[in-house]
Amino acid sequence: WFDEETKRYNISRPIDSNKDQTYALWGLKQEALSKTIFPIGELTKPEVRQLATKYGLKTANKDESFEICFVADNNYRRFIKERVPDIDSQVDGGSIMFDGKEVGKHRGFPYYTIGQRSGLGAFGERVFVTDIDAQSNTITIGRKDDLLRSELIAKDVNFISIEDLTEPKRVEASVRYKDTVTPATILPETDGKIRVVFHEPKRAITPGQSVVLYDGERLLGGGVIERVIK
């Protein structure tokens, strides 16, 4: 929708919060939004299914999808190896670090993600992937509290409801799809980047994923998490 006061096209959260896709839309530019319509933003998923049934659409009763569409079997290891056949020879056998000591070898850092708990081995307590260093081919594991972080730097930033960020601004932010948005302050950095400071620590902030920003019900914008500060 177009805001006459700011002269900018906006995206708002939908009525059906369970099907909120705004996390994936932060990169849309004003030119694209000027030619885009979201016709079911004020409908719930059950209401959409009723309309689909009414008009005889074959997808009316289609099962819900919970995987990424291009990895139909949810086997990410297979997907990566198909596209980079020699990846194992490049990254297999790096160190797994725990409490500053090497405790094992991993299968290749591309197969791990921050917050992962399975496939790490037995250490007498619950452990999680807390850091991935591609340069040193190292995976660091730690305890649940080791996943908590408070600040990040984001690159490739795109703003939707505002033109630019020139001073600190209070927002709500999420760091993954279905993440609970939490209060934060964003600050401009050099080279068009922003610093996001969460008012309370967030769990498993992951470089490479998106940080998405909201101003009330409006999608403020977002960026790609470049690194975690602390």
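How much accessible surface does the chain have, and what share of it belongs to carbon and sulfur atoms? The accessible surface comes to about 14200 Å², and 51% of it belongs to carbon and sulfur atoms, where the areas come from the Shrake-Rupley method with a 1.4 Å probe and, for residues, only the protein chains shown count as cover.

Before I go on, please keep in mind that this is a predicted model, in which local features need pLDDT of at least 70 and side-chain atom pairs count only at pLDDT 80 or more, while totals for chains, interfaces and linings use all residues. Residues are numbered from 1 along each chain as its sequence is written, and side-chain values use heavy atoms, with hydrogens and water left out.

Let me start with the chain as a whole. Its C-alpha trace spans about 60 × 50 × 35 Å along the principal axes, and it has four helices and twelve strands; helices (H or I, at least four residues) and strands (E, at least two) are DSSP runs, numbered from the N terminus. Of the 230 residues in the chain, 35% are buried, and here buried means under 20% relative accessible area, exposed means over 50%, and partly exposed is in between, with a 1.4 Å probe and protein chains only. Among the contacts (heavy atoms within 4.5 Å) between residues at least 6 apart in sequence, 53% join residues at least 24 apart. On the charge side, there are 35 positive and 36 negative side chains, and the centres of the two sets lie 4 Å apart; Lys and Arg count as positive and Asp and Glu as negative, with His and the chain ends not counted, and each charge is placed at NZ of Lys, CZ of Arg, CG of Asp or CD of Glu.

I turn now to the barrel. Six strands form a closed barrel in the order 7-10-9-8-11-12, with antiparallel pairing, and two strands are said to pair if DSSP finds at least two bridges between them. From one strand to the next, the twist averages 45°, using axes that are lines fitted to C-alpha atoms, for helices over the stretch in contact, and angles that run from 0 to 180 degrees between N-to-C directions.

Phi of Asp191 is near 60°, a positive value in a residue other than glycine. Most residues other than glycine have a negative phi. Is Asp191 buried or exposed? Asp191 is exposed, with a relative accessible area of 72%.

Further along, strand 11 (residues 210–215) and strand 12 (residues 218–228) run antiparallel and are joined by six bridges, with Val211 partnered by Gly223 of strand 12. Ser174, which is found in strand 8, is buried, with a relative accessible area of 3%. Leaving aside residues up to four places away in sequence, Ser174 touches Tyr23, Asp179, Val181, Ser210, Val211, Val212 and Tyr214.

The other sheet is an open one, made of four strands in the order 4-3-6-5 with mixed pairing. Strand 4 and strand 5 stand at its edges, each with a single partner strand, so one side of each is left without a neighbour in the sheet. The twist in this sheet averages 30° from one strand to the next. Strand 5 and strand 6 pair in the antiparallel sense over five bridges, and Ile132 stands opposite Ile139 of strand 6.

Two loop residues complete the picture. Asn137, in the loop between strand 5 (128–133) and strand 6 (138–142), is buried, with a relative accessible area of 15%. Asn137 touches Val91, Asp92, Gly94, Ser95, His106 and Phe109, not counting residues up to four places away in sequence, and its C-alpha is 9.4 Å from that of Gln90, although Asn137 and Gln90 are 47 residues apart in sequence. Asp99, in the loop between strand 3 (95–98) and strand 4 (101–105), is instead exposed, with a relative accessible area of 54%, and Asp99 has a positive phi of about 55° although it is not a glycine.
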